[in-house]
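User: I am new to this structure and would like a close look at one part of it, the salt bridges. Please set them in the context of the rest of the chain.

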Amino acid sequence: MLIELTPAQVLQAAQAGIMRQTYAIRQKLKPAYGASTKNDWQLHVEGCLGEMVVAQYLNRFWDGTVGITQHGDVGRIEVRTSSRDNGDLIMHDRDPDDNVFILVTGRNGRYKIRGWTEGRDGKKKEFWSDPAGGRPAYFVPQDELIEIEKLYKSQNV
């Protein structure tokens with residue numbers, strides 16, 4: 001499922017990413033799970049772009065919230081964005097078991113929604129890995145994800 005954002009949507013999401021990074025700097029927050037700070041601006045911006053993609057696909061409002069992490073990225077849906085076409089959906093132990101997690105891949109306004117899983121299904125022992133060294137997580141391969149078109153049929157999202 002390829003989605004291309006308009007220039008206005010890219011700008012809106014990029015501004016939200018910049019606001020999130022500025023908030024993190026002001027609050028002296030460190031990147032989660034031991035991530036480096038070398039590309040934190042890029043991660044915030046591309047993460048927001050991925051959220052915008054999912055909101056557009058689901059025909060949902062996306063508020064680009066800054067500083068509030070108690071709810072999902074789009075409703076109760078969590079979005080994980082990777083710039084790599086073959087990227088995995090990354091999850092952590094503290095991720096909610098009942099939430100839906102969607103993987104989006106791409107860059108610069110052109111994205112593919114790769115699929116989704118529920119938190120409990122993504123946190124399986126066989127997905128646990130530490131490819132970066134010192135930053136273990138669950139890495140759900142794309143072929144283990146459910147097609148995005150099946151999201152509506154399975155849940156009230």
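**Salt bridges and their surroundings**

Arg 120 is partly exposed, with a relative accessible area of 40%. The side chain of Arg 120 meets that of Glu 118 in a salt bridge, at 3.0 Å from N to O. Glu 118, in contrast, is buried, because its relative accessible area of 19% falls under the 20% limit for that class. The model is a predicted one, and a search of the whole structure finds seven salt bridges.

A second salt bridge joins the side chains of Arg 80 and Asp 95, with 3.1 Å from N to O. Arg 80 lies in strand β2 (residues 77-82) and Asp 95 in the loop between β3 and β4, so this pair ties together parts that are 15 residues apart in sequence. Both Arg 80 and Asp 95 are buried.

Asp 85 counts as exposed because its relative accessible area is 55%, over the 50% limit. Arg 114 is partly exposed, at 25%.

Strand β5 covers residues 110-118. Three bridges join β5 to strand β1 (residues 2-4), and the two strands run antiparallel. Here Leu 2 stands opposite Lys 112 of β5. Strand β4 (residues 100-107) also pairs with β5 in the antiparallel sense, over eight bridges. Within this pairing, Leu 103 has Gly 115 in β5 as its bridge partner. β4 and β5 form a hairpin with two residues between them, and Asn 108 in the turn has a positive phi of about 55 degrees.

β6 is joined by two bridges to the antiparallel strand β7 (residues 137-140). Trp 128 stands opposite Tyr 138 in β7.

The helices complete the setting. The chain has four helices and seven strands, and along the sequence they follow the pattern β-α-α-β-β-β-β-α-β-β-α. Helix α2 (residues 40-58) has 19 residues and reaches 27 Å from its first C-alpha to its last, close to the 27 Å expected at 1.5 Å a residue. Just after α2, Asn 59 takes a positive phi of about 60 degrees. Helix α1 (residues 7-26) contains Ile 25, which is partly exposed at 48% relative accessibility. Ile 25 makes a nonpolar surface patch of about 290 Å² together with Ile 18 and Trp 41.

For the chain as a whole, 43% of the 157 residues count as buried. Among contacts between residues at least 6 apart in sequence, 60% join residues at least 24 apart. The accessible surface comes to about 9200 Å², and 50% of that belongs to carbon and sulfur atoms.

Key: Residues are numbered from 1 along each chain as its sequence is written. This is a predicted model: local features need pLDDT of at least 70, side-chain atom pairs count only at pLDDT 80 or more; totals for chains, interfaces and linings use all residues. Side-chain values use heavy atoms; hydrogens and water are left out. Two strands pair if DSSP finds at least two bridges between them. Buried means under 20% relative accessible area, exposed over 50%, partly exposed in between (1.4 Å probe, protein chains only). Contact means heavy atoms within 4.5 Å. Accessible areas come from the Shrake-Rupley method with a 1.4 Å probe; for residues, only the protein chains shown count as cover. Patches are made of residues with over 30% relative accessible area and no salt bridge: like charges are joined within 9 Å, nonpolar side chains (Val, Leu, Ile, Met, Phe, Trp, Tyr) within 5 Å. A salt bridge is a side-chain nitrogen of Lys or Arg within 4 Å of a carboxyl oxygen of Asp or Glu. The expected span of a helix is 1.5 Å times one less than its number of residues.
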